[in-house]
Amino acid sequence: MKKSTITSNLSPEKERLAIRDISIATESLTKEGDLFYLLTHRWWHNWLDYVDGLEVAADNNGFTDFKRPSGINNYDLINRVTTKGSDVCAELRDGLVEGTDYILLPKAVWNQLHAWYGGGPALARKVISSGISQTELSVEVYPLRLQLHLIPKGDQSSIRISKKETVGELHKKACEIYGLTTEQTCIWDYFGHRKQSLMNDLDKSLDDVNIQMNQDILVEVIDSSGCTKPVHENGSGSNELTVFVDPSKNHTTTREVEKTHGQTGVSTRGSSGGLTGLHNLGNTCFMNSAIQCLVHTPEFATYFLDDYHQEINWHNPLGMVGELAVAFGDLLRKLWAPGRNSVAPRPFKAKLARFAPQFSGYNQHDSQELLAFLLDGLHEDLNRVKHKPYLNSRDADGRPDEEVADEYWSNHIARNNSIIVDVCQGQYKSTLVCPVCDKMSVTFDPFMYLSLPLQSTSTRTMTVTVFTCDGSALPAACTINVPKQGRCRDLIQALSNACSLKHNEKLLLAEIRNHLINRFLEEPLMSLSSIRDDDHLAAYKFPKFVKNFKFLQLIHRREEQDSGSSQQKEWKPYGTPLVSPISCEDTVTSGDIQSAVQTLLSPMLKVKTENVRHSDISNVSAPASDPPPAVNNSTGATNDCILADLKQECGNIKVITSQRLPLQLVDENNACIDLSIGEEKAFKIPSSSRAILVFIDWSHKLLDNYESTCLENLPDVKNGAVTKKTRNEPLSLYTCLEAFLREEPLVPEDMWYCPQCKERRQASKKLDLWRLPEVLVIHLKRFSYSRSMKHKLETFVNFPIYDFDLTNYVANKRNSRQQLYELYALTNHYGGMGSGHYTAYIKLLDENRWYNFDDTHISPINEDEVRSGAAYVLFYRRVKTDTASASSGAPVSAGHNNLSSQK
């Protein structure tokens, strides 16, 4: 790439304002056919830092440098660049995600940035109309990539073409590639390497005829007799195809002779009931997978194939006036109709976009989030309660759990009664305990699904030593678990919980190297992968609300032998630096520094009990004739020591002295000023300086008065003594459930208001299963989200297909029914966030056979293929047992039978 020497001659602020004005001017004028340009997110982020004035580098004196980005470099977005005549063609890498890998800029914005910075390559993409009404505008970042198969010759080619182009344009381009005329050829939708339909409606767009990314197109040469010679499809000889074509007619008679080897896929274009696929309308695999699982839930199939309209709640203000239920019911009936082609769920998606705008457009979404919306929306549309009574559940107040749970459930059913509640809703017991007064609050809440955490080797154990700045405690090492791919804020949050950080406190994290502070870890989005296992971390706890302060950094030094001389000694850093905020405007006095340092060191001051009786504590004075031992500093000066106070701590008496400590203040010229001698005076602090650097020189006598070992041995981030062994066995679904039910403290953001203390408390919370539904939906929490990061856990979870026994996990011991479940469906997610793909594995109960539902393509699979690391949402049905009369507590609506014949 040619280096650019272009400069804008504008200040960063003027560049920012210019781009803002251009963006505002072009935003409202965007129309179909306009060009947008891809720009690598990395370069864009650097430019924003530059024009926003963010610090990108700092020297030892705290001076910052604002670095102007170099020329635009989009090469991390592409695989290769090819030239065709004077045109330059760049092939985008697959799986790029907007907002993570790239951003889209209007042409005018790109032109301006390119004029200032140069570089490239330019990656232009057209604006197209999309959506059900074709009125939504979107940028077609990835045009369709189609695989062309020429028969009878057998040549194959790949072509990029917009989905808004017509069938006629595709036909024309295919002919250009193979040097043929349109009269000599016809083209076929060749989905699944089978002729599906003749593409002869030349004016329709490729989007209209449901042509998808990476789909196969058959280009068939017609000889003079109007037919093609027998050929072997794909050159494999496994399918012998003879086609007779009458050019005067629009239909074709096809005779296929297949020599099958192993299992073949089930074509969804003309499939039997229950084996009908859904077209991918553009990143709608998340919707297709969730719909297929619901459609193949026997209770829902029976309900919606029957006359369910009488239960629609047309006037529920919380519902979708029945429209969502009708759209889902219509779609379910199409999918269960025998002999249907695959279905394009456009009407259903239109309703979805209307009532849930977050799912509008054609971006990838979370199938579990869609599932949660569908279950809740269908429940409200089908709620049999037309007028909800106002009911207030009473506190337990010592009543038996069974009585309280039944009251909560009855109140819930009085307001919520639908097929969704009948089938999918259960109840759990939630217990909160105040850590101060032990007040216990017990509630019984309904649930639609269980979201289970994945606790596995995707977490990392880190050890950080926490220091206080107010002298309230000795340093303490905290070992916590954080996500391996986590950010600095995850570490701060885990540390805050582990050290019981108060709401008016915060932590300052620092990396210690060679007994000095190497850097402060203040960027919340900094990746934890940049912290090595052999690094040393310290966290300094200080008040959140401190005004006009600077950080005092206390560096410890002691005399050590100079490596270059056998006689000479020099002061060298040792131990762990301490940090404390110190209030100051432009100046700070030596007394302020002495006081702050003594506070920092006070927890380490050794206990003195000589000649002091407990009965004398209240009458102790500080006689001038009996001062503590004098401490020599590096200059040999003698310090005046005054016994100032006595402090009782843990039954011992600690002598607190106000002696001057041997401190050296480092000024702006890197000169040391001795603070242990001379009169009290003020020192000017440069406004640009963030920290006040102070050395304390530890003599042997001074060390005798302090327990300094806690400063000397800072543990590694990976402390071998406390690191758990890596999990070798697969993570069990039972282990995930136990982690979900484990008692744990609430996070500070969700503090509980204790009615007895009348204050917010960090209570402990414990969940227990109380009432289980007929269909248990389990969500494996693979995804974590933040403003700029999406992360996926690829952990393999060993989940049972049969005999998922939850009997011992149900706290309601009055229910003697065995809680056995069997898996019948699940959704899978492959790949990363935003660029991944969803499928569903579903067991047709009447066939007792598993199938893979991958949009329009459905194929049988073996049962041992069902378990994989891609499993995301699991669907379990209760196994009918002899003790079925022992109700789980979930009432079953009359008139709606289960599909027991399909079990």
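**Figure 1. Overview of the predicted model.** Among contacts (heavy atoms within 4.5 Å) between residues at least 6 apart in sequence, 70% join residues at least 24 apart. The structure is a predicted model, in which local features need pLDDT of at least 70 and side-chain atom pairs count only at pLDDT 80 or more, while totals for chains, interfaces and linings use all residues. Residues are numbered from 1 along each chain as its sequence is written, and side-chain values use heavy atoms, with hydrogens and water left out. The protein has 903 residues, of which 46% count as buried; buried means under 20% relative accessible area, exposed over 50%, and partly exposed in between (1.4 Å probe, protein chains only). Its secondary structure comprises 16 helices and 49 strands, taken as DSSP runs numbered from the N terminus (helices: H or I, at least four residues; strands: E, at least two).

**Figure 2. Helix H8 and its buried side.** Helix H8 spans residues 346–355, and within it Phe348, Lys349, Leu352 and Ala353 are buried. These residues lie on the same side of H8 because they cover an arc of only 135° around the axis, the arc being that of the directions from the helix axis to the C-beta atoms. The face turned away from the buried side carries the exposed residues Pro347 and Arg354. The cover over the buried residues of H8 includes helix H5 (285–295), helix H7 (323–336) and helix H9 (367–381).

**Figure 3. Nonpolar cores.** A nonpolar core is a set of buried Ala, Val, Leu, Ile, Met, Phe, Trp, Tyr and Cys residues joined through side-chain atoms within 4.5 Å. In the largest such core, of 58 residues, Phe300, Phe348 and Phe875 touch the most other members. Leaving aside residues up to four places away in sequence, Phe300 touches Leu294, Leu332, Leu375, Ile419, Ile420, Val423 and Cys424. Apart from this core lies another, of 41 residues, including Val579, Met604, Ile696 and Leu703. In soluble globular proteins, nonpolar side chains tend to be buried together.

**Figure 4. Strand S45 and its pairing partners.** Strand S45 (residues 820–830) is largely enclosed by the rest of the structure, because ten of its eleven residues are buried. Two strands pair if DSSP finds at least two bridges between them. S45 pairs with strand S49 (residues 871–878) in the antiparallel sense over seven bridges, and the bridge partner of Asn828 in S49 is Ala871. Strand S46 (residues 837–844) runs antiparallel to S45 and is joined to it by six bridges; in S46, Ile842 is the bridge partner of Ala825. Strand S44 (residues 804–805) pairs with S45 in the antiparallel sense over two bridges, with Tyr821 of S45 as the bridge partner of Phe804.

**Figure 5. Salt bridges.** The structure holds 35 salt bridges, each a side-chain nitrogen of Lys or Arg within 4 Å of a carboxyl oxygen of Asp or Glu. The side chains of Arg384 and Asp422 meet in one of them (2.9 Å, N to O). This pair links distant parts of the chain, 38 residues apart: Arg384 lies in the loop between H9 and helix H10 (401–415), and Asp422 in helix H11 (residues 419–424). Asp422 counts as buried, at 6% relative accessibility. Arg761 forms a salt bridge with Glu759, the closest N and O atoms being 3.6 Å apart; Arg761 is buried, at 18% relative accessible area, whereas Glu759 is partly exposed, at 42%. A network of salt bridges links Glu511, Arg513, Arg519, Arg532, Asp534 and Asp535.

**Figure 6. Backbone features in loops.** The peptide bond from Gly120 to Pro121 is cis, with omega near -5°, and Pro121 is found in the loop between strand S6 (119–120) and strand S7 (124–130). Another cis peptide bond joins Ile151 and Pro152, with omega about 10°; Pro152 is found in the loop between strand S9 (144–151) and strand S10 (156–161). Asp803, although not a glycine, has a positive phi of about 55°. Asp803 is found in the loop between strand S43 (797–798) and S44 and is exposed, with a relative accessible area of 53%.
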